[in-house]
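Colleague: I am new to this structure and would like to learn how to read it. Could we go through it feature by feature?

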Amino acid sequence: MKAHWGDHAPWQAFLQQASSALSRCQQTDVAFLLPPCQRTKARYMAVDAHVQWARNLICHHDRGDFSGIGLPCVFSADAWAHLRAMSGKHRVDPLRVLIGRDYETRAGLREALQAYGVTAPEDLDETFWRLADRGYARFLDAFDWVLAYREILPEWAQTIAVSKTVQTVLKTQGLSRAAPAQ
């Protein structure tokens, strides 16, 4: 693994950013999402922990539940202006009375908006949630860099799986002419 990833620029950049995030976000509201500590000895024997952490973090992002961060959703003036630009002035103007109100979850904010009968769930796009969900904004502030590795993570996970398979075969059956085929 060291020979394979030692000079791999994306991997080195990933580790550097993970280390930076670890020191920057310790003892904050996003500490429960922090990456594992990087080992100083035998660090290439623990690369799977970093890859698994990144995959879990991306799954957390894709689920869209940022209530664990502890910051409420707020129907902000910026979120209202975004909806107004997307849906039209007359359709969104009744929502003006909701500006500044806190909601524990995205679902709570969505229900409040739908109670006025002005918005449909499909109107609430990614940009809207970036403006309204403080937990999401905090998540992106700390971990948006991980999303850039979404495409390469499966390749890294496959490399780790192949490495573990080779180790298992060599440990259980030893080195022989049949080992490469296995």
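This is a predicted model: local features need pLDDT of at least 70, side-chain atom pairs count only at pLDDT 80 or more; totals for chains, interfaces and linings use all residues.

Colleague: What is the radius of gyration of the protein?

Modeller: The radius of gyration is taken over C-alpha atoms, and the globule rule is 2.2 Å times the number of residues to the power 0.38. For 182 residues a compact globule would come out near 16 Å, but this protein has 22 Å. Along the principal axes, its C-alpha atoms fill a box of roughly 75 × 35 × 25 Å.

Colleague: What percentage of the residues count as buried?

Modeller: Buried means under 20% relative accessible area, exposed means over 50%, and partly exposed is in between (1.4 Å probe, protein chains only). In this protein 39% of the 182 residues count as buried.

Colleague: Where is Ser76, and which residues is Ser76 in contact with?

Modeller: Ser76 sits in the loop between β1 (73–74) and α4 (77–87). Contact means heavy atoms within 4.5 Å; neighbours within four places in sequence aside, Ser76 touches Ile99 and Leu131. A polar atom of the Ser76 side chain also lies 3.3 Å from the backbone oxygen of Leu131. As for the protein as a whole, 69% of the contacts between residues at least 6 apart in sequence join residues at least 24 apart.

Colleague: How many salt bridges does the structure hold?

Modeller: A salt bridge is a side-chain nitrogen of Lys or Arg within 4 Å of a carboxyl oxygen of Asp or Glu. The structure holds six. One of them pairs Arg138 with Asp29, with the closest N and O atoms 2.9 Å apart. Arg138 is in helix α8 (residues 134–147) and Asp29 in the loop between α2 (9–25) and α3 (47–63), 109 residues apart. Arg138 is buried at 18%, whereas Asp29 is partly exposed at 29%.

Colleague: Why does the pair Arg150 and Asp62 tie together parts that are apart in sequence?

Modeller: Their side chains meet in a salt bridge (2.9 Å, N to O). Arg150 lies in the loop between α8 and α9 (153–173) and Asp62 in helix α3, so the pair ties together parts 88 residues apart in sequence.

Colleague: Which residues make the nonpolar surface patch of about 390 Å²?

Modeller: Patches are made of residues with over 30% relative accessible area and no salt bridge; like charges are joined within 9 Å and nonpolar side chains (Val, Leu, Ile, Met, Phe, Trp, Tyr) within 5 Å. Here the patch is made by Val162, Val166, Leu170 and Leu175. Leu170 belongs to helix α9 and is partly exposed, with a relative accessible area of 38%.

Note on methods
Residues are numbered from 1 along each chain as its sequence is written. Side-chain values use heavy atoms; hydrogens and water are left out. Helices (H or I, at least four residues) and strands (E, at least two) are DSSP runs, numbered from the N terminus. A polar contact is a pair of N or O atoms within 3.5 Å; within protein, one must be able to donate a hydrogen and the other to accept it, and residues adjacent in sequence count only if both atoms are side-chain atoms. Accessible areas come from the Shrake-Rupley method with a 1.4 Å probe; for residues, only the protein chains shown count as cover.
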